[in-house]
Amino acid sequence: MANSLGRICVTGATGKAGVAAVLDLREHGYEVVATDIAVTGEDVAANVIRADLTDYGQATEVLRGIDAVVHLANIPAPGIATPAVTFNANVSMNFNIFHAAAAHGLSRVVWASSETTLGLPFGHGREQDPGAPGELRYAPVDEEHFPYPATTYALSKVTSETIAEQISRWSGIPFVGLRISNIMEPHDYRRFPSYWPDPQLRKWNAWGYVDVRDVAAACRLGLEADVTGSNNVIIAAADTVMNRPSRELLAEVFPDVTLTREIPEFGTLLSVDRAKQVIGYEPAHSWRDEIPAR
């Protein structure tokens, strides 16, 4: 039976997060319309609609007859395309979906922002872009660490958060931006032991990650939460990728960075407290359930 909250469009539906979000929403009774630009014959058989969301007309059409949107379609990381292509594509996709949602009077927009808006990569110099190096100012990192874009990719997400805030204000539609950490599927956890000998390898996001199943749950919770305006929250796992205590990692790699509050022994350094308060997010999955922390 269809969920009473109506028809949900999921963009980026063939990507890692998109596939999981579509499955989770359907399992919870939602009617889902899936769309992506990268559509194979198998996707067509699964009723995934092809749409290029950098085109406003196509963005408008995929939201016709839709009640709310989970917008996950973007170039997903720096370094995949040139900085200019990344920025222009992401900002145009996000503007088009946000504006089309307002034009159609949708009830909710949930969308993928990024942990990179908070200053990632931490502790590195100039990389893909001629931007400022990331700076970890305190830990655990929370929403007040925003904005500190260190790549053009991150700048595209900061810009899009501003667009979301203004379109939400104009339209009265609640927006929920998910500042998603490095997404992992269960099979990805086999790589984690390779990180453990050298904490420098994953310092770039304070050793953060998030299970794709928790990302899917966050998308659904963003649809269901009692919110107004534009809200942006960090979505991460409850722990780090490392098998060493978080305080020890911080003291070794970022010795001048203050830990502002007590955390569990292996607790995340990307705070999910605000996500818990705003949308009821509780990370349920950990690599520790999949492989031994030897």
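Mentor: The following account begins with the aromatic rings and then turns to the sheet and the cysteines.

The model is predicted, and local features therefore need pLDDT of at least 70, side-chain atom pairs count only at pLDDT 80 or more, and totals for chains, interfaces and linings use all residues. Residues are numbered from 1 along each chain as its sequence is written, and side-chain values use heavy atoms, with hydrogens and water left out.

A pair of aromatic rings is described by the distance of the centres and the angle of the planes. Rings of Phe, Tyr and Trp (for Trp, its six-membered ring) pair if their centres lie within 6.5 Å; planes under 30 degrees apart count as stacked, over 60 as edge-to-face and the rest as tilted. The structure holds nine aromatic pairs. One of them joins Phe192 and Tyr209 in an edge-to-face arrangement, with 5.5 Å from centre to centre and 85° between the planes. Phe192 and Tyr209 both lie in the loop between strand E8 (183–184) and strand E9 (210–211), so the pair ties together parts that are 17 residues apart in sequence.

A second example is the pair of Trp196 and Trp287, which is tilted, at 5.2 Å centre to centre and 45° between the planes. Trp196 belongs to the loop between E8 and E9 and Trp287 to the segment after helix H8 (273–279), so this pair ties together parts that are 91 residues apart in sequence. Trp196 and Trp287 are both buried. Together, Tyr189, Phe192, Tyr195, Trp196, Tyr209 and Trp287 form one aromatic cluster.

Pro292 is also found in the segment after H8. Leaving aside neighbours within four places in sequence, Pro292 is in contact with Trp196 and Trp287, where contact means heavy atoms within 4.5 Å. Pro292 itself is exposed, with a relative accessible area of 55%. Between Pro292 and Arg190 there are 102 residues in sequence, but 9.9 Å in space, C-alpha to C-alpha.

Charged groups also meet these rings. A charge sits over a ring if NZ of Lys or CZ of Arg is within 6 Å of the ring centre and within 35 degrees of the ring normal. Arg202 lies over the face of Tyr195, a member of the cluster, at 5.2 Å from the ring centre. Elsewhere, the charged end of Arg288 sits over the ring of Phe266, 4.6 Å from its centre. Phe266 is among the residues touched by Ser246, as are Thr240 and Ile263, when residues up to four places away in sequence are not counted. Ser246 has its place in helix H7 (residues 246–253) and, at 1% relative accessibility, counts as buried.

The surrounding architecture includes a sheet. Seven strands form an open sheet in the order E3-E2-E1-E4-E5-E7-E10, with parallel pairing; two strands pair if DSSP finds at least two bridges between them. The edge strands, E3 (48–50) and E10 (230–235), each pair on one side only. Within the sheet, E7 pairs with E5 over four bridges and with E10 over six bridges. Val109 has Phe175 as its bridge partner in E7, and Ile180 stands opposite Ile235 in E10. Six of the six residues of E7 are buried, so E7 is largely enclosed by the rest of the structure. Phe175, Gly177 and Arg179 point to one side of E7 and Val176, Leu178 and Ile180 to the other, and both faces are covered.

Strand E1 (residues 7–11) pairs with strand E4 (residues 68–71) in the parallel sense over four bridges, and Cys9 stands opposite Val69 in E4. Cys9 is buried, at 0% relative accessibility. A disulfide, defined as a pair of cysteine sulfur atoms within 2.5 Å, is absent: the count comes to zero. The sulfur of Cys9 is 12 Å from the closest cysteine sulfur, in Cys219, which is too far for a bond. Cys219 is likewise buried, with a relative accessible area of 0%.

Methods:
Helices (H or I, at least four residues) and strands (E, at least two) are DSSP runs, numbered from the N terminus. Buried means under 20% relative accessible area, exposed over 50%, partly exposed in between (1.4 Å probe, protein chains only).
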